[in-house]
Amino acid sequence: MTRIPRMGCDELRQDASTLASRTITVIADDQIYSVDVYDSAGHRRPDGELEAELRAIVADVAERRALGDLDPAVTVLTAGHRDRWSVAYKQLEKQPANHATLMAIQHSLFAVSLDTTFSDPPGSITAHQRNMKCHGTQPGHNRWYDKCVSYVFDRNGTAGYLGEHSPCDALIPAFMIEYVAKNAAPENIGIYSHNPTSSTHHAHVRRLRFTDVGLSVLQLIKEAEKEVEQTAKASDSRQIRFENYGSDWIKRAAKVGPDAFAQLAMQLAYYRIHGTFASVYETASTRQFLHGRTETVRSLSVESADFMRTMSDPASSSRDKYEALVRAANKHQILLRDASSGNGVDRHLLGLRMAYHRLQPLPSEAPLSDAEKTAIEDFFNDPILAKSTTFQLSTSGLFPAYYLSHTGFGCVVAERGYGINYIIEPKRIKFGTEGKTFKVGNGTDVDRFETTLRQILAELKVICEQSNEISAGDSSRL
C-alpha cells in the first residue's frame, strides 16, 4: 500500500498490481531502482543474488555520482508538507517517464533505503534511531515515506524499519518486523560469487528516473529540504533501556499490572520535571471490533494525581506511597478495559465533530437551529475540552518485542510535550522517547526526563519491596 499526496487529504492506494507485485523499490543516494525479488515461476530469488544486485546498485550510483549523472532528490518531497508534495506530484506525473517511475514505486512491495551514513557514535541505539527515521546528516533524504513498509540499512549494515502509519496501527507492522527478525530463514542465504556489476543482474534491476524535472519542482524540493532540516533540528529523541527489572518483577513484587506501573512512572516523571499534571494519551486497541483500530485511554485520573502527590510528600511513608500506587494502577486497568471495549469518549467525540462539520441533515430531518449550532460549537470550543486533549504525554505500549532494539513515537504537543513508545519485557523496559529541543519546546527536556524516569523506577522498586516485605536481594530481575 502507498500513500498518494493529494491537496487537503491524501489517498491510500492498493490495487491488483500491488497485490501481485514481484518488485521492491531500492533507494541509494536518492536514486531509485526497481528490483525483481521473485522469478518468473513466482519463487523468491536467493538472498545471494539479491545481495549482489544491491551491491550493483551501490556501484552504479557511485559511478553516476562521479559522472554528475544523478537525478534530483525527489524523495525528500515525501518528507515535507503534504500539500507541497501534491503540487509537485501533479507536475511530475504529467511527464510519461516520471509517471512510470511513480507507478513503479506505487506498485512495489516495499522500499529499501541503502544509506551512505552510519550511526554516530557506532553502537548507540539513540544515534541509530535518529539515523533510521530521517537519514542523519541529510534529513528526509533517501527515503520514500509514502510506502507503507520501508527498510533502512546504514553503511555498517545496521537495519531499521519505517512504517507509514495511516493504513494501520503500529501493532501490525511491529508484529511483522518481530516475526521477520526472529524467523529469517537460513536456507535462503546463499553465496553469489559473480561480479556485482555483471550484466547477469541487469535483467532484474531497472533504474527509475525522474527526468526533465521543471524549475518549479526543483524549487519545491529546496523548500522541502529546508523544512525537514528545521524539523529534524527541533527534535530530540532518546532510547531508554531500563535493565533492572521488567514485567516479571512488577507482577511479583509490585503486584499491579505492568502497563499501569509504566504509565504511572511516566506521569510522575513529568510531574517532577514540570510541576504540573500532564494530559495523557495512551493507545488502546479496539481490534476486537470490525474495522476497529484504537481508542484513547485518558490515563490521568483522580487516583493517579493522588499517587503523584503522595510520592512527592515527604511525610508519606513507603506504605502510603505503595497503597496510592495500587489504587491508581487499579483505576488505570478499569480505564484501559473500558477504552478497549468501545466505551471510550474520544472516538465518539471525533465522530460527532466530523458529523457536525461534514454531514447534511437527512431529508426527514429539520436543519439545526442557530441556537443548536451555537450550543454545539460552544461545546467543541470549550477550553476545558481543548486542554484535556492537548496531550503533553502521548504514549503507546507494544507487546514484549525482544528483537526490536528500539522504537520511536513522536510528541503531539511541541511545548513541554513528550511522545513515548514503550515495550515491557519480562526482564527490562524499553522507552522510545521524543520531544522538542529545550528552546523549541519551551522547557521540554528529554535528557532530564530519562534521568528522572530512571530515578522513579528505582524508587518504586524500593517502595514495593518494603511494602510487600521482599528482600532487596531477592532476584530483582525475576
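Helix α8 (residues 247-254) and helix α15 (residues 446-467) approach each other to within 9 Å between their axes and cross at roughly 35 degrees. Axes here are lines fitted to C-alpha atoms, for helices over the stretch in contact, and angles run from 0 to 180 degrees between N-to-C directions. The model is predicted: local features need pLDDT of at least 70, side-chain atom pairs count only at pLDDT 80 or more, and totals for chains, interfaces and linings use all residues. Residues are numbered from 1 along each chain as its sequence is written, and side-chain values use heavy atoms, with hydrogens and water left out.

**The α8-α15 contact**
- Trp249, Ala253 and Ala254 of α8 meet Leu460, Lys461, Cys464 and Glu465 of α15; contact means heavy atoms within 4.5 Å.
- Helices (H or I, at least four residues) and strands (E, at least two) are DSSP runs, numbered from the N terminus.

**The sheet**
- Six strands form an open sheet with mixed pairing, in the order β9-β14-β13-β12-β10-β11; two strands pair if DSSP finds at least two bridges between them.
- At the edges are β9 (235-242) and β11 (294-298), each of which pairs on one side only.
- On average, neighbouring strands of this sheet are turned by 20 degrees against each other, direction ignored.
- Helix α7 (residues 215-234) packs on the sheet and touches β9 and β14 (429-436); the direction of α7 makes about 40 degrees with that of β9.
- Strands β12 (residues 393-398) and β13 (residues 418-424) pair in the parallel sense over six bridges.
- Leu393 has Tyr418 in β13 as its bridge partner.

**Nonpolar cores**
- The largest nonpolar core contains 45 residues, and those with the most contacts inside it are Tyr245, Phe261, Phe307, Phe431, Phe449 and Leu453.
- A nonpolar core is a set of buried Ala, Val, Leu, Ile, Met, Phe, Trp, Tyr and Cys residues joined through side-chain atoms within 4.5 Å.
- Buried means under 20% relative accessible area, exposed over 50%, and partly exposed in between (1.4 Å probe, protein chains only).
- Elements that each supply at least two residues of the largest core include α8, α9 (258-274), α10 (302-311) and α15.
- The largest share of this core, 11 residues, comes from α9.
- Beyond its neighbours within four places in sequence, Phe307 is in contact with residues including Leu264, Leu268 and Leu460.

**Thr452**
- Thr452 lies in helix α15 and counts as buried because its relative accessibility is 8%.
- Leaving aside neighbours within four places in sequence, Thr452 is in contact with Ala269, Arg272 and Ile273.
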